[in-house]
Amino acid sequence: MRWKNAFIPTMKETPKDAEVISHVLMIRSGMMRKVGAGIYEYLPLGWKVIRKVADIVRQEMNKSLAQEILMPVLSSSELWMETGRWQVYGKELMRLKDRHDHDYVLGPTHEEVITDLVRREVHSYRDLPLCLYQIQTKFRDEVRPRFGVMRGREFLMKDAYSFHSTQEDLESYYQVMAETYKRIFNKCGLDARLVVGHSGAIGGKIAHELMVLADTGESLILNCQNESCGYTATNETAEGTVPKTSTDEAEQPMEKVHTPGKESIEDVAAFLNKKNCQAVKALLYRCDDKLAAVFIRGDREMNPAKLHNLVNALEVEIALPDFLESKKESDVVAGYCGPLGIKPDFLFFDITVKDIKNGIIGANEKDYHHINFNVERDCPDAKFYDLVVQQEGDLCPKCGKPMQTVRGIEVGNIFQLGTKYSKSMNAKFLDTDNKEKYFVMGCYGLGVTRTVAAAIEQNHDDWGIIWPRSIAPYDILIQPLDVKDEKVMEITNTLEKDLIEKGYDVLVDDRDAKPGFKFKDADLIGTPLRVTVSPRSLPDGKIEIKRRCDKKSELINVDSALDKIIEIYNSCP
């Protein structure tokens, strides 16, 4: 491909709404353009990369005996009502009506559709296991689209669904898919980790996430510092032991004190000349139509995902004033809530509260708190749970060593759904004993466009993208620095022809532009290898070659250039 014929509209300016480097570079390199909030059109350079990622996904999914299909973007609301997700999924679910006033969903995921297909077509254990996948556009109406394609509304995704006769067969295939995902990201040239994840609106009890490590990642990952342990989880799902802050001081009688206008932990602790870790923080949550009062150590953060798993509710969110007003009989007083005398539907203590000596709690009366609270003395029936967000320095749940944090970008998820969807949709098969049983299901998602963005987040410098060789839009860029020089163009044309015959995808920058301009564009689009044909070096029988990942270039002999170019290209990451 000649640059003059290619549609690569590079930009010097940084887009005003770009918050992360992948968004900046995908716009500036001419990979995509914005159509609306969280919606993009992909130009030739971007689409080439997306297709390369999708091809790698297909190759590895096919090896795992999954079969590709294509499901409709629109699905009937009736299927979503069967599973209850029509009400549960929230405002991210794009609902719409057709001309006959029938309700439809613009698919964010396809569990309902695939389960409906299989319940109609698969009836015997002899047809199991079965795994079907698609690579298709999804739509999720994000409340605040951001980070380019990493948190967009419309995106390309691979979603796969497996059906099994037993839980044991699902667990076996789940490991196959975990290894498949590892191979996919390894082939894409990315440093990715499989971590314990949270199932969220998809459902299921066991889930893992694939994280591409990057300093700019929005997800926080906890790793055990003991390399032989290998425990890794997101901060949403990580378990662990919080180091104790208890002292040897003797228990003191509990006392009510006046704390006018002091509602936050920080204000109350400072007012009483205490540390935040000596206070008990109260958090009120709406769990469907029930009220949960949760108490944790004042210097820690609550983890709603853990509460979600504990109460088994469809929706868990901070209780708003209107909801609290409807729960007046619970006797909680927002801002001054304590565990004594209140009657919420759920009352939970995090294990960290157990170690607080002579702590501070709300008195359930405006402008008052209790001091010298000791939970096992003052709440003898208290039950303790792990409800906080783990952080660096907490102790690993497997080996007890301290954990450290790294940042990552979520690019894939795998779930053991069990019978969540097959039961709600009455999807059954005949087992070996000729009895009807529900399909046992797995679900495996991978963000194709998100993977492209993650690759840029992990591979870039101040000048542009540094593509891994396997997913670069072009393999080799040839830059003739004087397109009017016959000798320069003769060498350029010969190299282009020979490399194409060898199977390489070559881009020739045949624009009549200054060298500095060409070099900046070359660094911006990130082709793994750049070959520069210059009228200055040709008289000495030399051309310049430079890997995008290197700072320095080298001169090579024109006579042996083809073999050397191939050798250096094959050494690119």
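Reply: The model is a predicted one. To begin with the charges, K420 lies over the face of Y421, 5.4 Å from the ring centre. A second case is R511, which lies over the face of W3 at 4.0 Å from the ring centre.

Turning to ring against ring, the structure holds nine aromatic pairs. One of them joins Y173 and Y444, with 6.1 Å centre to centre and 75° between the planes. Planes over 60 degrees apart count as edge-to-face, and this pair is of that kind. Y173 belongs to helix α6 (residues 167–187) and Y444 to strand β24 (residues 440–447), so the contact ties together parts that are 271 residues apart in sequence. Y173 and Y444 are both buried.

The pair of F429 and F439 has another geometry: the ring centres are 5.2 Å apart and the planes stand at 35°, so the pair is tilted. F429 sits in strand β22 (residues 428–430), while F439 is in the loop between β23 (436–438) and β24, and the two are 10 residues apart. As for burial, F429 has a relative accessible area of 1%, and F439 has one of 0%. The cut-off for buried is under 20% relative accessible area, so F429 counts as buried, and so does F439. These two phenylalanines, F429 and F439, form one aromatic cluster together with F163.

Key
Residues are numbered from 1 along each chain as its sequence is written. This is a predicted model: local features need pLDDT of at least 70, side-chain atom pairs count only at pLDDT 80 or more; totals for chains, interfaces and linings use all residues. Side-chain values use heavy atoms; hydrogens and water are left out. Rings of Phe, Tyr and Trp (its six-membered ring) pair if their centres lie within 6.5 Å; planes under 30 degrees apart count as stacked, over 60 as edge-to-face and the rest as tilted. Helices (H or I, at least four residues) and strands (E, at least two) are DSSP runs, numbered from the N terminus. Buried means under 20% relative accessible area, exposed over 50%, partly exposed in between (1.4 Å probe, protein chains only). A charge sits over a ring if NZ of Lys or CZ of Arg is within 6 Å of the ring centre and within 35 degrees of the ring normal.
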